[in-house]
Amino acid sequence: MLEIKDLHARIGDREILKGFSLTINPGEVHAIMGPNGAGKSTLSSVLAGKEDYEVTGGSVTFLGKDLLAMDAAERACSGIFLAFQYPVEIPGVSNMTFLRTALNSVRKYRGLEELSTPDFLRLMKEKAAKLGMSQDMLRRGVNVGFSGGEKKRNDILQMSVLEPSFCILDETDSGLDIDALRIVSEGVNSLRSPERSMLVITHYQRLLDYIVPDVIHVMHQGKIVRTGGKELALELESTGYAAYGQDAA
Amino acid sequence: MAAVQETVERVRSVDVDQYKYGFTTDIESEKAPKGLNEDIIRFISAKKNEPEWMLEWRLDAYKRWLTMTEPTWARVNYPQVDFQDLYYYAAPKQKEGPKSIDDIDPEILKTYEKLGIPLRERDILLGIQSKDEEQAKAVEENIDAVGYTGTKVAVDAVFDSVSVATTFKEELGKAGVIFCSISEAMREHPDLVRQYLGSVVPVTDNFYATLNSAVFSDGSFVYIPKGVRCPMELSTYFRINEKNTGQFERTLIIADEGSYVSYLEGCTAPQRDENQLHAAVVELVAMKDAEIKYSTVQNWYPGDAEGKGGIYNFVTKRGDCRGENSKISWTQVETGSAVTWKYPSCILRGDNSRGEFYSIAISNGYQQVDSGTKMIHLGKNTTSRIISKGIAAGRSDNTYRGQVSAHKKAAGARNFTCCDSLLIGNKCGAHTVPYIESKNASAVFEHEATTSKISDDQLFYCMQRGLSEEEAVALIVNGFVRDVLQQLPMEFAVEAQKLISVSLEGSVG
């Protein structure tokens with residue numbers, strides 16, 4: 001599904017990704033862990049197409065296509081979804097309007113008809129109920145006045161409506177209490193399928209108790225330094241990242 | 001919802017040149033000689049068969065104007081206007097005044113058709129005004145949302161210096177409503193005109209208003225009798241066509257006791273390299289328990305991408321809440337003009353009267369906007385509300401300038417002001433200049449102001465969900481102006497929404 005080869009990227013003149021490689025097959029859930037400054041969030045931004053970052057080398061192939069040649073909107077339409085660490089607010093634009101505009105863009109790109117109003121409302125009702133979101137939240141401005149947990153839940157709602165084939169969860173657990181973490185994780189888990197892959201980025205093992213990955217990678221200084229099964233998370237929880245040296249050059 | 005989608009479609013369909021009303025109508029017109037002097041004023045007055053007192057009024061204004069200087073306090077920059085290098089009167093040539101719509105020059109009819117303004121009542125009744133299918137659909141889809149039912153809109157069409165047609169006059173006449181050009185009103189209803197003209201904006205109010213008083217050529221006149229709720233929306237459509245011509249419109253609306261009227265004006269002009277002057281005066285009078293709702297969709301030619309050409313829009317608009325419990329509400333969507341200088345205001349004279357000002361001012365390219373309002377609280381328990389949304393893109397400058405004052409007798413006066421500015425890109429500017437003055441200790445004035453920028457994070461968020469950059473900007477801006485758009489009559493809200501996106505075309509990147 002996704003093949004990253006020897007990826008180099010920088011912001012300004014600071015190189016952050018230094019030869020990052022990773023292959024993810026359909027249906028797999030990979031987790032990336034690592035200390036602050038390892039380049040985890042840069043990786044998610046580069047994959048989603050944020051323009052602040054300059055890719056200086058390597059390649060990314062997504063479903064057989066050159067991902068780096070597409071702009072952020074095209075990547076989203078072809079199935080890349082990023083659940084943000086800090087979802088932004090868009091005042092005055094209702095959640096419904098936002099999602100409908102997004103869904104129609106994505107459907108158009110995929111050669112599907114726009115959804116009729118009743119069909120869309122039905123879809124929203126169904127998906128929102130699963131995440132325990134009230135109708136009131138759907139009518140409010142996008143993320144305006146939402147708590148940290150509600151914002152994350154809203155991102156997962158968007159994910160479930162847009163049906164991407166590859167989801168990146170960027171520190172989705174940050175700022176969530178235990179209950180919110182459980183609800184969000186359940187939402188994510190319900191979206192796991194043999195056709196959909198995920199990349200879960202986190203500092204802590206805690207999230208991985210809820211969203212259990214197939215593979216765990218440790219990232220340090222812009223590349224993967226170790227790969228293992230889900231037991232790797234427990235090991236890191238007890239030893240910390242010290243073994244990988246905080247002595248970043 | 002659908003409207004957002006439609007906005008986006010509209011943005012896409014727009015080519016390099018986004019001003020779609022920039023065409024010129026090729027007709028013969030009759031002009032006064034260039035320049036301004038007493039003879040020109042006599043010429044204009046004679047053309048309109050005006051009564052003698054009107055000519056005197058004009059000449060008096062002219063003499064006073066000669067002693068005045070152009071104001072310079074606004075945050076706008078433009079080369080000095082040569083007032084002797086303008087035509088002050090231009091009218092399409094025609095035999096006698098047209099008796100019916102069929103006598104109007106077909107070229108003019110075509111012009112209005114192209115602009116989407118229906119001059120044939122039959123067409124409006126058949127719903128042909130919504131030839132634009134998209135628009136019809138959008139309106140239809142929004143019906144449920146707002147319970148919109150109205151279909152009829154009476155139109156007064158002003159072409160350069162004269163009114164060429166006014167629709168639904170008969171039907172309005174049955175309700176006692178007078179809706180005609182101001183020239184006609186001067187002949188048919190001289191007492192009303194004489195009583196109210198200049199009673200809200202005095203002849204010597206300011207440089208442009210005084211100039212207008214001397215040379216105004218046409219505009220609309222509305223009188224709603226006591227207790228009448230005007231049975232349809234009234235609107236005036238202003239079009240400048242001739243080269244080097246100034247348009248000096250004069251509008252006077254009087255709502256007598258307990259009456260109600262909703263009025264809309266729209267403006268467009270051809271695309272020309274030289275700047276053109278538009279200096280209008282609008283006066284509103286609301287008597288006891290009366291309500292006037294005045295909406296403007298201003299889309300004068302804004303100049304090209306390099307800032308060449310465009311209309312100078314120097315306008316004085318003021319409403320007088322003369323009676324108790326009266327209400328005047330201004331709503332404006334300003335997207336056009338090279339330079340805008342405009343402050344629709346309310347004088348809250350009657351006790352318990354209310355003034356409102358809702359504004360969306362968008363500037364792009366090299367446009368300069370200095371606009372806002374004045375709420376002058378004179379009566380007891382008067383209230384006012386100001387909601388202003390400024391959006392600056394390109395290399396434009398956008399200033400909100402507002403005055404709220406309470407007279408010493410204005411016990412219990414209340415004002416709420418909220419000015420929000422949105423910046424798109426990093427070469428534009430937004431400014432807020434509030435003047436607040438209270439001479440009564442019981443007055444309560446609130447002022448809120450914010451300035452924000454469409455952040456890269458917001459754009460990225462939208463694009464990550466599949467929206468193109470244009471769609472993302474349209475969506476964010478629509479959200480920003482939402483509470484003002486809701487104040488517009490439905491059919492115009494849809495139009496305004498489209499206009500906003502078109503005005504912002506090419507504002508990103």
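I count a residue as buried if 20 or more other C-beta atoms lie within 10 Å of its own, as exposed if 12 or fewer do, and as partly exposed in between, with C-beta atoms placed from the backbone. I note that this is a predicted model, in which local features need pLDDT of at least 70 and side-chain atom pairs count only at pLDDT 80 or more, while totals for chains, interfaces and linings use all residues. Residues are numbered from 1 along each chain as its sequence is written, and chains are lettered from A in the order in which they are written.

**Positive phi in chain A**

I looked up L63(A) and found its phi near 50°, a positive value in a residue other than glycine. L63(A) sits in the loop between β4 (54-62) and β5 (65-66) of chain A, where helices (H or I, at least four residues) and strands (E, at least two) are DSSP runs numbered from the N terminus. L63(A) counts as partly exposed because it has 14 C-beta neighbours inside 10 Å.

I then turned to Q221(A), which is not a glycine either and has a positive phi of about 50°. Q221(A) lies in the loop between β11 (215-220) and β12 (223-228) of chain A, and it counts as buried because it has 20 C-beta neighbours inside 10 Å. For background, I recall that most residues other than glycine have a negative phi.

**Helix α2 of chain B**

In α2(B), residues 38-47, I find I41(B), I44(B) and S45(B) buried. They lie on the same side of α2(B) because they cover an arc of only 95° around the axis, the arc being that of the directions from the helix axis to the C-beta atoms. D39(B) and A46(B), on the other side of α2(B), are exposed. The buried residues of α2(B) pack against α3 and α10 of chain B, contact meaning that the C-beta atoms of two residues, placed from the backbone, lie within 7 Å. Just after α2(B), I note N49(B) with a positive phi of about 50°.

**α3 against α10 in chain B**

I next checked which residues join these two helices: R58(B), A61(B), Y62(B), R64(B) and W65(B) in α3(B) meet T210(B), L211(B), S213(B) and A214(B) in α10(B).

**Chain A against chain B**

Finally, I looked at the interface, where 26 residues of chain A are in contact with 20 residues of chain B. On the side of chain A that touches chain B, the largest share, 9 residues, comes from α3(A).
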